[in-house]
Amino acid sequence: MPPSQQMQPLGIVQQGTPILNHPAEPFDLPTEGTAAQTVVDELFTALDRIGRVHSFAKGMGLAAPQIGIPRAAAIVLLPARDLQRPPPSILG
């Protein structure tokens with residue numbers, strides 16, 4: 001089964017979906033700090049779901065629009081051999 005077919009049932013938006021063709025809306029920090037944390041939590045939840053299907057031994061990145069959220073947030077996980085998991089950061 002192609003990777004895209006594995007990811008779609010896990011909530012990953014597929015190529016051609018309109019949300020992927022529009023710029024993501026940045027957060028107004030610190031005013032929207034709670035909303036930003038909610039999106040980051042959703043990204044980690046999605047990474048957990050995906051990690052049950054694929055090991056991503058070389059690391060992984062996931063942006064909010066890829067899970068249907070039109071906000072500017074992303075998580076990048078480096079391979080475990082390179083670095084311990086850093087705390088999440090929100091860049092503005």
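This is a predicted model: local features need pLDDT of at least 70, side-chain atom pairs count only at pLDDT 80 or more; totals for chains, interfaces and linings use all residues.
1. The side chains of Arg71 and Glu32 are joined by a polar contact of 2.9 Å. Arg71 is located in the loop between β1 and β2, the latter spanning 74-77. With a relative accessible area of 13%, Arg71 falls under the 20% limit and is therefore classed as buried.

2. The surroundings of Arg71 deserve a separate comment. Arg71 lies over the face of Phe27, 3.9 Å from the ring centre. If neighbours within four places in sequence are set aside, the residues in contact with Arg71 are Ala24, Glu25, Pro26, Phe27, Glu32, Ala64 and Pro65.

3. As to aromatic pairing, a search of the whole structure returns 0 aromatic pairs.

4. The overall architecture may be stated briefly. The chain contains 2 helices and 2 strands, and their order along the sequence is α-α-β-β. Of the 92 residues in the chain, 28% are buried. The accessible surface of the chain amounts to about 6300 Å², and carbon and sulfur atoms account for 56% of that surface. When contacts between residues at least 6 apart in sequence are considered, 60% of them link residues at least 24 apart.

5. Which residues have the most contacts inside the largest nonpolar core? They are Val39, Leu43, Ile50, Leu62 and Ile67, in a core of 19 residues. Both α2 (33-51) and β1 (60-63) supply at least two residues of this core. The greatest contribution comes from α2, which gives 8 residues.

6. Residues up to four places away in sequence being excluded, Ile50 touches Met7, Leu10, Ile12, Phe56, Met60 and Leu62. One of these partners, Leu62, is also listed with Ile50 among the residues with the most contacts inside the core.

7. The peptide bond between Leu29 and Pro30 should be noted in any description of the backbone. This bond is cis, with omega at about 10°. In general, most peptide bonds are trans. Pro30 is placed in the loop between α1 (3-7) and α2.

8. Gly59 and Pro79 are 20 residues apart in sequence, yet their C-alpha atoms are 4.5 Å apart in space.

9. Is Leu78 buried, partly exposed or exposed? Its relative accessibility is 44%, so Leu78 counts as partly exposed, between the limits of 20% and 50%. The C-alpha atoms of Leu78 and Phe56 are separated by 9.4 Å, the two residues being 22 places apart along the chain.

Note on methods: Residues are numbered from 1 along each chain as its sequence is written. Side-chain values use heavy atoms; hydrogens and water are left out. Rings of Phe, Tyr and Trp (its six-membered ring) pair if their centres lie within 6.5 Å; planes under 30 degrees apart count as stacked, over 60 as edge-to-face and the rest as tilted. A charge sits over a ring if NZ of Lys or CZ of Arg is within 6 Å of the ring centre and within 35 degrees of the ring normal. A nonpolar core is a set of buried Ala, Val, Leu, Ile, Met, Phe, Trp, Tyr and Cys residues joined through side-chain atoms within 4.5 Å. Buried means under 20% relative accessible area, exposed over 50%, partly exposed in between (1.4 Å probe, protein chains only). Helices (H or I, at least four residues) and strands (E, at least two) are DSSP runs, numbered from the N terminus. Contact means heavy atoms within 4.5 Å. A polar contact is a pair of N or O atoms within 3.5 Å; within protein, one must be able to donate a hydrogen and the other to accept it, and residues adjacent in sequence count only if both atoms are side-chain atoms. Accessible areas come from the Shrake-Rupley method with a 1.4 Å probe; for residues, only the protein chains shown count as cover.
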